[in-house]
Amino acid sequence: MTEAAIQVPFSSQQQLLARLLHLSRLDTDFILLTGPEGAGKSYLAQRLAEETELLLPLILDAEGFDTNAGFRETLLGSWFPGGIFDADDHLQDSMQRLLPASPGKRLLIVDNAEWLTEPLLLELVQLYRKLPVPLRPFMVLLGEATWAGQARQQLGGPDGGKFLEVEVPPLTEEDKQDLWQALGYKNIPDASRDIRYPGDVIGMMEPQMKKIGYQQLLEQKTIKILLTALILVLLLIVIVSLLGDGRDNVAPVSNQPFEQEVVPTTPVSLAPGASAQDGEGQALVREWPAEPLPDTPDISTEVAQTPDDSDKERVVIADEVVSRLMQRGQGGDSPSAPAVPQTATPAPVAVSGVSPLSVLMQKPASRYTLQLMAGRDRAVLERLVARHTLTPVWVYPRTINDQPWFVLVYGDFEVPEQARRAIAGLPAELQAAKPWPKPFGQVQKEVKP
């Protein structure tokens, strides 16, 4: 079951939908619709597109676009079919050229707006600020409250306060009763008090629904026949394997009329001085007697005769001693050489600080990180990293309003909820900056030139 499967006309959502329809007729044309995952934002956006009186309602999922040009091409191609435009141009320039031939107020809804790159977000804001009121589109961007706050802070400017933020309200008690009745419950479960949004019900019911689905599948006659046949085949394989193992364990009986003489494939060579014995169990070869080496090698010293080394001495070891040492090393009779102590290689020390940018670009796009803060002075962010023991952290460059900025992000999380829980463990100085989850995919789009 997904969020789209719960299409109950809740009273709270109906009121919010009526408010959005009313705002579409006014001058407030830039809406940030916020709420957690499962709050029903996508369902409200679909209803808004169906009931609006504006031209060419369009819903775009920002997560599905890899480039800014792809987003512009889809948007302009839907609003101006057959129009000629360059997808690399800014939206404001293209809209000002195309609107005179096809005027009218249009509707744009951007789902997963936190995936929008900074240039695209600024271009949408410019449409709101620069186009005339009768022509500028009514835009609704869907995202979480933390992202909306950061977006408004980054946009700033005199018109920053005109970007209206609307939050999806939680379910009322009346909405919860309608929800349980729509799902077939006669009595409201005890867990209903912990539910705030429709998505909470989905997460609670998924294990139960999967169990019911498996039971219904096993009750089908065809599935029963297939399972029975599979069990019989497995039993047959086990029986055949057991019978085969019993036959393999029986030793074969030789029926040869004559005994074959065993002939060694490789002749045994005797070392010099070894004596062969008869077949009465005596050893055929005896070991070579190891001649004892002298306790100390015969070492003599003599003065070198070369002109350059006339004042030095060299050590000379007798050839007989060297020869015996080599023979003992080859025969394996010499005592084990003392183990040479090895110097332990020191373990690599983890370098604290900012991680390489190449590691950031290799992160999966679907995972999340925490944006701690952004600024124009990279050294300030690096000193902040050095003051707090955080890992992994990255500082990456980007451009905002044609100005160089640096963004500090921290952590690698699978889902936004896990990233939000990690905020509580940050120092108070970093929590005061109001960190917010950000997909690695969006970060990597912003780093690209």
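Predicted model: local features only at pLDDT ≥ 70, side-chain atom pairs only at ≥ 80, totals over all residues.
Contact here means heavy atoms within 4.5 Å. Residues are numbered from 1 along each chain as its sequence is written, and side-chain values use heavy atoms, with hydrogens and water left out.

**The cores**

- A nonpolar core is a set of buried Ala, Val, Leu, Ile, Met, Phe, Trp, Tyr and Cys residues joined through side-chain atoms within 4.5 Å; buried means under 20% relative accessible area, exposed over 50%, and partly exposed in between (1.4 Å probe, protein chains only).
- The largest such core has 37 residues, and Phe 30, Leu 108, Leu 116 and Leu 141 have the most contacts inside it.
- Among the elements that each supply at least two residues of this core are strand S1 (30-34), strand S4 (138-143) and helix H5 (118-130); helices (H or I, at least four residues) and strands (E, at least two) are DSSP runs, numbered from the N terminus.
- H5 gives the largest share of this core, 7 residues.
- Another core, of 21 residues, lies apart from it, with Leu 17, Leu 20, Leu 21 and Leu 48 among its members.

**Helix H13**

- Pro 416, Ala 419, Ala 422 and Ile 423 are the buried residues of H13.
- They sit on the same side of H13 because they cover an arc of only 120 degrees around the axis, taken from the directions from the helix axis to the C-beta atoms.
- Their packing partners are strand S8 (368-375), strand S10 (403-413), helix H14 (428-431) and strand S11 (436-439).
- Glu 417 also lies in H13 (residues 416-423), but counts as partly exposed because its relative accessibility is 29%.
- Glu 417 and Pro 36 are 381 residues apart in sequence, yet 9.5 Å apart in space, C-alpha to C-alpha.

**The largest pocket's lining**

- A pocket is an open set of points on a 1 Å grid over the protein atoms alone, where a 1.4 Å probe fits, with protein on both sides within 12 Å along at least five of seven lines; lining residues have an atom within 4 Å of a point.
- The largest pocket is lined by 24 residues, with Asn 68, Glu 118, Pro 119, Glu 123 and Thr 399 nearest its centre.
- H5 supplies the largest share of that lining, 5 residues.
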